Amino acid sequence: MQSFPCAGGDGRGAARLWSMPVAGRGLAVLLVALSVLSSALLLGVSGTPARAAVLSLDAPESTGDGKPFVVTVMADAPGDVVLDWRGQAVTVPVAPADAGAAGSASPAGPVRWIGQALLAVPLDTKPGTETLRARVAGQPKSAPAVTRAVAVVRAAYPEQRLTVEGKYVNPDKAALDRHEAERARVKAALALRTPERLWALPMARPVPGDVSSLFGLRRVFNGEPRAPHRGLDLRGEAGELVKACAAGRVVLAENHYFAGNSVYIDHGMGVVSMYFHLLAMDVAPGQMVARDQVIGRVGSTGRVTGPHLHFGMAVLGDMVDPQVLLDPQISLERAPANSGAPTRE
């Protein structure tokens, strides 16, 4: 018998004796060589780190306060992308680009993967410059990133004067306590960051009626200044169907002191729509809804001067102008200034 050294089966590479007849020496040598080659190949594969995707970023050069805008990320390899914006991190899932985009070129090279996100700056943000960063998911915030400077400009919002019941201008303590409890639930709904993107642009119009009150109007109720209008009022007759602007999950469906019967829908990636003053609510929390699905009826519950739909939109917790998300003819980069049109609260 003749012995040949062989790597130990315990994975620690310890030598041991493998005894076999001399006549099988050629086979033994072959087996050892194959084992060494296989180990080398495995080490080569596992020891080579995957290449990080090369990114490019498409974002507007400027935006108005309270105006949402679209950001497009492009990559030459699969993998989620993280956008760092105003202290928040938004994960953007990417998908294979269509045939036309796949052959196009960007600063990163051929575009094979693409994703989109909605961002915004809050109403009344001071003019200045914000920095948008894009990095490959899994990398720390300190890692190299693609950046874009986005200038913030002030949009013009006119004043609006309304007359409502006195209890809605100066509520009593019980009403204020109720309102604070409702605000806490709304804040939790707007803080959702569901990773799936369920929205698509342009979004569906919840009711066909024209705009009666624009986003951002400086409100004066019964002669007393109050918070700006943070939604879009759409004309509608009492009982008219209200439809979801995009697919999503209902997170709130309840009666609120100021907003009346209210429905909040999470559309993913920090985008939440809301529908106020409803006569009836046809959905329940936790329910998944499709784009254009009926969620309620136009009404006049809460602080109102007549039947209509207050349609609101939040992006990463900030209320934004929904009009630019409904009308493809309006630039998402710079929406037109609002006018003081006749309105209902």
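I took contact to mean heavy atoms within 4.5 Å. Helices (H or I, at least four residues) and strands (E, at least two) are DSSP runs, which I numbered from the N terminus. The model is predicted, so I noted that local features need pLDDT of at least 70 and side-chain atom pairs count only at pLDDT 80 or more, while totals for chains, interfaces and linings use all residues. Residues are numbered from 1 along each chain as its sequence is written, and side-chain values use heavy atoms, with hydrogens and water left out.

**Entry 1: helix α3**

I looked up α3, residues 173-190, and checked its length. Its 18 residues should span 26 Å at 1.5 Å a residue, and the end C-alpha atoms lie 25 Å apart, which agrees; the expected span is 1.5 Å times one less than the number of residues. I then listed its buried residues (under 20% relative accessible area; exposed is over 50%, partly exposed in between, with a 1.4 Å probe and protein chains only). Ala-175, Glu-182, Val-186, Ala-189 and Leu-190 are buried. Down the axis of α3 these buried residues fall within an arc of 80 degrees, so they line one face of the helix; the arc is that of the directions from the helix axis to the C-beta atoms. Lys-173 and Lys-187, on the other side of α3, are exposed. I asked what covers the buried residues of α3. The cover includes β20 (248-256), β21 (260-266), β22 (271-278), β26 (309-315) and β27 (318-320).

**Entry 2: the open sheet**

I traced a sheet of four strands, open and antiparallel, in the order β3-β5-β11-β8. Two strands pair if DSSP finds at least two bridges between them. β3 (55-58) and β8 (95-96) are at the edges with a single partner strand each, so one side of each has no neighbour in the sheet. β5 (residues 68-75) and β11 run antiparallel and are joined by eight bridges; Val-70 has Leu-118 of β11 as its bridge partner. β8 pairs with β11 (residues 113-120) over two bridges, also antiparallel. There, Ala-95 is the bridge partner of Ile-114, and Pro-96 stands opposite Trp-113.

**Entry 3: nonpolar cores**

I counted as a core a set of buried Ala, Val, Leu, Ile, Met, Phe, Trp, Tyr and Cys residues joined through side-chain atoms within 4.5 Å. The largest has 58 residues, and Leu-83, Leu-119, Met-203, Val-263, Tyr-275 and Ile-295 have the most contacts inside it. β5 gives the most to this core, with five residues. Apart from it lies another core of twelve residues, including Val-251, Leu-252, Tyr-264 and Ala-314.
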